[in-house]
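Hi,

Here is the model I promised to hand over. Have a look at it first, and then read on for what turned up.

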Amino acid sequence: MAVEMGRLKVGAEVKGRVRHLGIYGALVDIGSGQDALLHISQLAQNEKRQFEDVAQPGSEITAFVYKTRQDGYVALTMEKPPPVPWATIRQGKAYTGQVIRVEDFGVFVDFGAERPGMVHVSEMSDDYVRAPSDVAAVGQEVRVRVLKKNGRSRQIDLTMKSEPEKTAIHDDEDDTEDVPTAMAQAFQRAMRSEPVAEAQSNHQQNDRANHRDKQEEILARTLRGSQS
């Protein structure tokens, strides 16, 4: 049965047929038009690290979508992903979680990711917090936002502070309605001194014409010198 790529969300359960076994994993036909990769590192933790013990070519398996790309690449995992997959965690995204540990420097919050995120004491409130235990306790439900995540260490930094308000750009045309533009001011000055400006303009035009003639003459001499 064909599977549309648009419906292959991270964490979705899929069934497929193993087409090929290799050193690094297996290629699985999940009906998307391109074989999905089940890497050996994505076997279930309670399984042996040999594909022969999990699947054989031609056998059907049940797996979960671990990663997708726009070019049709799909990576699978035998481990059921957490409710909040790592790939879906983005800076600024908000979650509701539960405090599972309180330390002197902050608290750890389980919001459904593969591991808890940490809220530093300086990020626990808009106001000053002397000790994390003054604000939160184990088992308490809190609202958090993602500050950043580190793919290498798999760490997630969270904040409990209020989300900054977005400042709207206000364009009030009345503020500048009576203020003439620089071009308008220049035009007004020119109108007030039109006779003088006209004489100066004629003089400047003659100067520019003479200057162009000199440039043409210099250019012509240069070309003649380079050809001789």
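Let me begin with Tyr95, which has 9% relative accessibility and therefore counts as buried (buried is under 20% relative accessible area, exposed over 50%, partly exposed in between, with a 1.4 Å probe and protein chains only). Before going further, the housekeeping: this is a predicted model, where local features need pLDDT of at least 70 and side-chain atom pairs count only at pLDDT 80 or more, while totals for chains, interfaces and linings use all residues. Residues are numbered from 1 along each chain as its sequence is written, and side-chain values use heavy atoms, with hydrogens and water left out.

**Aromatic pairs**

The structure holds 2 aromatic pairs (ring centres of Phe, Tyr or Trp, the last by its six-membered ring, within 6.5 Å; planes under 30 degrees apart are stacked, over 60 edge-to-face, the rest tilted). One of them joins Tyr95 and Phe111: it is tilted, at 4.8 Å centre to centre and 40° between the planes. Tyr95 belongs to strand β6 and Phe111 to the loop between β7 and β8 (117–120), so this pair ties together parts that are 16 residues apart in sequence. Strands here are DSSP runs of E of at least two residues, numbered from the N terminus. Phe111 is buried too, at a relative accessible area of 6%. The rings of Phe105 and Phe108 have centres 6.2 Å apart and planes at 85°, so that pair is edge-to-face. Phe105 is partly exposed at 40%, and Phe108 is likewise partly exposed, at 23%.

**Strands around those rings**

β6 and β7 run antiparallel and are joined by 4 bridges (strands pair if DSSP finds at least two bridges between them). They form a hairpin with 3 residues between them, and Arg101 stands opposite Phe108 in β7. β7 also pairs with β8, again in the antiparallel sense and over 4 bridges; there, the bridge partner of Gly106 is His120 in β8. The β7 and β8 hairpin has 6 residues between the strands, and its Gly112 takes a positive phi near 100°.

**The cores**

The largest nonpolar core has 20 residues, and those with the most contacts inside it are Ile89, Val109, Phe111, Val119, Val144, Ile156 and Leu158. A nonpolar core is a set of buried Ala, Val, Leu, Ile, Met, Phe, Trp, Tyr and Cys residues joined through side-chain atoms within 4.5 Å. At least two residues of this core come from each of β6 (94–102), β7 (106–110), β9 (141–150) and β10, with the largest share, 3 residues, from β9. Apart from this core lies another, of 17 residues, with Val18, Leu38, Ala55 and Val65 among them.

Val119 touches residues including Phe105, Val109, Val144, Leu158 and Thr159, not counting residues up to four places away in sequence (contact means heavy atoms within 4.5 Å). Thr159 itself lies in strand β10 (residues 155–159) and is buried, with a relative accessible area of 2%. A polar atom of the Thr159 side chain lies 3.1 Å from the backbone nitrogen of Lys161.

**Over at β5**

Which way do the side chains of β5 (residues 74–77) point? Val74 and Leu76 point one way and Ala75 and Thr77 the other, and all are buried. Strand β3 (residues 36–39) pairs with β5 in the parallel sense over 2 bridges, and Leu37 has Ala75 as its bridge partner. Strand β4 (residues 60–68) pairs with β5 in the antiparallel sense over 4 bridges; Phe64 has Thr77 as its partner in β5. The β4 and β5 hairpin has 5 residues between the strands, and Gly72 takes a positive phi near 100° there.

**Two arginines over rings**

The charged end of Arg69 sits over the ring of Tyr73, 4.2 Å from its centre (the cut-offs are NZ of Lys or CZ of Arg within 6 Å of the ring centre and within 35 degrees of the ring normal). Arg154 lies over the face of Trp86, at 4.1 Å from the ring centre. Arg154 is found in the loop between β9 and β10, is partly exposed at 24% relative accessibility, and has a positive phi of about 60° although it is not a glycine.

Cheers

Terms used: A polar contact is a pair of N or O atoms within 3.5 Å; within protein, one must be able to donate a hydrogen and the other to accept it, and residues adjacent in sequence count only if both atoms are side-chain atoms.
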